[in-house]
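Hi,

Here is the structure I promised to pass along. Have a look, and then read on for what turned up in it.

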Amino acid sequence: MMKIGLLTSGGDCQGLNAALRGVAKTLFKAVPYVELYGIQDGYRGLIECKWRKMKLKEFSGILREGGTILGTSKQPYRTKQDIDEHIDANTAAMIRNYQDERFEALIVLGGNKTQKTAFTLSRNGVNVVTLPKTIDNDLCGTDYTFGFDSAVTKAVEFLDAIHTTAAAHGRIFVIELMGNKAGWVTLYAGLAGSADVILVPEIPYSLGSVIGAINKRIQLGKGFSIIAIAEGAISREEAAMSTGNQEFEPEPGRASSGAKLVRMLGEKQNQDIRLLVPGHFQRGGAPTPHDRVLCLRMGAKAGELILRRQYGCMVALQGTSIGYVPLSDVAGKTKTIPPDSEVLEQARMLGISLGE
Ligand code: F6P
């Protein structure tokens, strides 16, 4: 008999439930050979022994539901010292609980930090299969993560709606989108939502260049401008002063990239400027059909890998196929937009300013 633990960890995104359904539908075919246990609130549930045996019917009607029926939690540590003090003890507790419960394997749905922890567990004898979840699309080893398409769709709703009011008032709108280290959501939403300026963390921006793009539009008789800025985007001056510490997420409530840009533009530009921060709206609500299909296919693949006892890997989208990659290819890496990205080049060809 195979006792499989299932958990969702890190920030939520659309499609987690769809992926859980894909896993469950596949694995329940092997009942009674397989038993599925839902671990509550991510790794915290594994540390605190909070899990329960699940029935197939619990995975019904959840395909289009946002959030996660298992709950989730994020790593609470923000400093290196915190990490040093807690990670080892937590890892030891997870391994001990996994062994005591006689789990055969864990299926873990998560983003960067989750994958890193999964790799640590895997190197310590825990059988793990992971799925690539994050709106940020910043996981290596997979062409796309699930949640990304849904977040872009949400962001585009904002960009589309803002166009009419921005045009009516001849205003500049700065729309700050999620993505601390990687600007995928901002780049794709900016393109799909017809932003005039797209600012991503990968390309520190020049304020002069942003103002130049706005003034060029004014000369063309377009009195309004839409700027899509990633929350992790910084100016060239900030980049020059940066310590380069990318390890931790910024504190909640920090001065946002959008607010900084609005302040700087306000000092130079004699025009009404407004800031819009859709925030967690981008992670909420139903997954898009594209994400639903991706999640179901990835969930089915995870089930298949478990039944084949193929462990230590992450399910991945490879072109149009669903495959898998070793966790060592994923853990501790971030997939940012490459400088030679075709999408960046095509944005430039379209006349969109990237603040360069
Ligand atoms: O990693 C996903 C993400 O949505 C980032 O884009 C964002 O910076 C962060 O999570 C926000 O996290 P929290 O849920 O802690 O506010």
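**What turned up**

A polar side-chain atom of H280 sits 2.7 Å from one of the ligand's oxygen atoms. Before you read too much into any of this, keep in mind that the model is predicted.

On its own, the ligand has 400 Å² of accessible area, and the protein covers 77% of that. Ten residues surround the ligand, with K74, D136, E231, H280 and R283 the closest. Sorted by class, that shell has five charged residues, three polar and two nonpolar.

Next, helix α7. This helix runs over residues 207–219, so 13 residues by the DSSP run, and spans 18 Å from first C-alpha to last, close to the 18 Å expected at 1.5 Å a residue. Its buried residues are L207, S209, V210, I211, A213, I214 and R217.

Last one: is T117 buried or exposed? T117, which belongs to helix α4 (residues 112–123), counts as buried because its relative accessible area is 16%, under the 20% cut-off. Setting aside neighbours within four places in sequence, T117 is in contact with Y43 and M94.

Cheers

Terms used:
Residues numbered from 1 in each chain as written. Predicted model: local features only at pLDDT ≥ 70, side-chain atom pairs only at ≥ 80, totals over all residues. Heavy atoms only, no water. Helix = DSSP H or I, 4+ residues; strand = E, 2+ residues; numbered from the N terminus. Buried < 20%, exposed > 50% of the residue type's maximum accessible area, 1.4 Å probe, protein only. Contact = heavy atoms within 4.5 Å. Near = heavy atom within 4 Å. Polar contact = N/O pair within 3.5 Å; in protein donor to acceptor, adjacent residues only side chain to side chain. Areas by Shrake-Rupley, 256 points an atom, 1.4 Å probe, with all protein chains shown as cover. Nonpolar A, V, L, I, M, F, W, Y, C, P; charged D, E, K, R; others polar. Expected span 1.5 Å × (residues − 1).
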